Amino acid sequence: YRIDLSVPGFRREEIKISLEKNVLTIKSEKKSGEEDGKYIRREFGTADFERRFILPKHVDTDKISASAENGILGIVIPKKDQVVEKITREINIQ
């Protein structure tokens, strides 16, 4: 699985990703007053956010990885190798 979020204006240090009981939480922790300079007009702004995703049981939570590039946060959630159940078969007695 892959989750991509648009996070323009946020640095990596301002985004926290946590996992608790198969719930993946992504939130920003941008402190107010961190804006540089005074603006006459501003076309965009940044605001704190929080998103939660319930993960299925068949994901490998130990191998979740995240990367941020050009305002896009990408999270990769790999699936576990599933054990294929064998079909029941008869065993002959010799």
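Me: Let's start with a definition: a salt bridge is a side-chain nitrogen of Lys or Arg within 4 Å of a carboxyl oxygen of Asp or Glu. How many salt bridges does the structure hold?

Reply: The structure holds five. Please keep in mind that this is a predicted model, where local features need pLDDT of at least 70 and side-chain atom pairs count only at pLDDT 80 or more, while totals for chains, interfaces and linings use all residues. Residues are numbered from 1 along each chain as its sequence is written, and side-chain values use heavy atoms, with hydrogens and water left out.

Me: What makes arginine 11 and glutamate 14 a salt bridge?

Reply: Their closest N and O atoms are 3.3 Å apart, and that value is within the 4 Å limit. Side chains of opposite charge can pair when their charged atoms come close. This pair also belongs to a network of salt bridges linking Arg11, Glu13 and Glu14.

Me: Why is glutamate 14 called buried, and why is arginine 11 called partly exposed?

Reply: Buried means under 20% relative accessible area, exposed means over 50%, and partly exposed is in between (1.4 Å probe, protein chains only). Glutamate 14 has 3% relative accessibility, so it counts as buried. Arginine 11, at 47%, counts as partly exposed.

Me: How do you know that lysine 63 and aspartate 60 form a salt bridge?

Reply: The closest N and O atoms of lysine 63 and aspartate 60 are 3.9 Å apart, which is still within 4 Å. Lysine 63 is exposed at 57%, whereas aspartate 60 is buried at 17%.

Me: And what makes arginine 2 and aspartate 4 a salt bridge?

Reply: Their side chains meet with an N to O distance of 3.1 Å, again within 4 Å. Aspartate 4 has a relative accessible area of 48%, so it is partly exposed.

Me: Let's turn to the rings. Why is the pair of phenylalanine 10 and phenylalanine 49 called edge-to-face?

Reply: The structure holds one aromatic pair. The ring centres of phenylalanine 10 and phenylalanine 49 are 5.6 Å apart and the planes are at 85 degrees, so the pair is edge-to-face. For reference, rings of Phe, Tyr and Trp (its six-membered ring) pair if their centres lie within 6.5 Å; planes under 30 degrees apart count as stacked, over 60 as edge-to-face and the rest as tilted.

Me: What makes leucine 5 a buried residue, and which residues does it contact?

Reply: Leucine 5 has a relative accessible area of 12%, so it is buried. Leucine 5 lies in strand E1. Leaving aside neighbours within four places in sequence, leucine 5 is in contact (heavy atoms within 4.5 Å) with residues including Ile26, Phe49 and Leu73. The C-alpha atoms of leucine 5 and glycine 74 are separated by 6.6 Å, although these residues are 69 residues apart along the chain.

Me: Which residues touch the most other members of the largest nonpolar core?

Reply: They are Leu5, Val7, Leu24, Ile26, Leu73, Ile75 and Ile77, in a core of 13 residues. E1, E3 and strand E6 (72-76) each supply at least two residues of this core. A nonpolar core is a set of buried Ala, Val, Leu, Ile, Met, Phe, Trp, Tyr and Cys residues joined through side-chain atoms within 4.5 Å.

Me: Why is lysine 21 called exposed?

Reply: Lysine 21 has 77% relative accessibility, so it counts as exposed. Lysine 21 lies in the loop between E2 and E3, and its phi is near 50 degrees, a positive value in a residue other than glycine.

Notes. Helices (H or I, at least four residues) and strands (E, at least two) are DSSP runs, numbered from the N terminus.
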